[in-house]
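Hi,

Here is the structure I said I would pass on. Have a look at it first, and my notes on the side chains follow below.

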Amino acid sequence: MIALVRSELLKLRTLRSTAWAAAALLAITLLTAGLGMGNAGKRDYTTPAELRDTILAVGYAAVFFMAVLGAIAAAGEYRHRTISQRFLATPERQRVLISKLLTYAIVALGTALVVTAVAAALGQAVVSSKGYTLGLADGGLRLTAGIAIATVLAATLGVVAGSLTRNPTTAMVAIFGVWIGEKIAGDLIGHAAQYGPFALIENVLGLNSPFGWGYAALLLAATTAALAVLAQRVFVSRDVT
């Protein structure tokens, strides 16, 4: 399993798209934290909790970044037929899927911690120059934990979506389609909307709190696990050429 994870990490490191995507996320982090925190002191943007919302926005960007990266990477192997070589090297397809989930969970965790640290450091520097604070001593741990857990679970959901669809474009449509669908259907299905994947992610982040964020994380993990089993038993087991 360690060898499989290392091979996945090597593949990520050698793809130019990974570097470009990481640079784009870093740019979003710097712009969001720098420009967003520049509005500190304006109406409804003065308390530490209100100011930390900008950091949560960066965290939400990391969520989409990792979900898309995981989906494209998993589906891309089917599109480019490289998955056949991987299955020849490792006939136990369940191990291949698990290794992908572990790899992108590790990458997601590192990504979440880096962008949170960068956004928090830059944001604190900007708001402190205006006499405000992010209150990281009180809310920093919850903020970091929420972003880290949400990003890790989003990455694994992305891998599952890519494994189910086997097509990068379809996987992207599925991810953004579910997100948009939840927003549109929210008023129609009432309380049931709070159990959608992205609603649960927002709960874990702290953007909404219809129930405890720990419970939301467990529900999201259970949803991911169920979809992973579906990917393994129904789709991943199909023939590839």
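Phe-64 and Phe-198 are both buried, and in this predicted model Phe-64 has a relative accessible area of 14%. Their rings are stacked, since the centres are 5.4 Å apart and the planes sit at 15°. That pair links distant parts of the chain, with Phe-64 in helix H3 and Phe-198 in helix H8, 134 residues apart.

The structure has four aromatic pairs. In another of them, the rings of Phe-64 and Trp-179 have centres 5.2 Å apart and planes at 80°, so this one is edge-to-face. Phe-64 is in helix H3 (residues 48–79) and Trp-179 in helix H7, so the pair ties together parts 115 residues apart in sequence. Trp-179 is partly exposed, at 27% relative accessible area. Together with Tyr-60 and Phe-176, the residues Phe-64, Trp-179 and Phe-198 make up one aromatic cluster.

On to charges. Lys-183 is partly exposed at 47%, whereas Glu-202 counts as buried at 10% relative accessibility. Elsewhere, the charged end of Arg-142 sits over the ring of Trp-213, 4.2 Å from its centre.

Last, the surface: Phe-176, Ile-180 and Ile-184 make a nonpolar patch of about 270 Å². Ile-184, in helix H7 (residues 168–189), counts as exposed because its relative accessibility is 60%.

Cheers

Key: Residues numbered from 1 in each chain as written. Predicted model: local features only at pLDDT ≥ 70, side-chain atom pairs only at ≥ 80, totals over all residues. Heavy atoms only, no water. Patch = residues over 30% accessible without salt bridge, like charges linked within 9 Å, V, L, I, M, F, W, Y side chains within 5 Å. Areas by Shrake-Rupley, 256 points an atom, 1.4 Å probe, with all protein chains shown as cover. Salt bridge = Lys/Arg side-chain N within 4 Å of Asp/Glu carboxyl O. Helix = DSSP H or I, 4+ residues; strand = E, 2+ residues; numbered from the N terminus. Buried < 20%, exposed > 50% of the residue type's maximum accessible area, 1.4 Å probe, protein only. Phe/Tyr/Trp six-rings, centres within 6.5 Å; stacked < 30°, edge-to-face > 60°. Lys NZ or Arg CZ within 6 Å of the ring centre and 35° of its normal.
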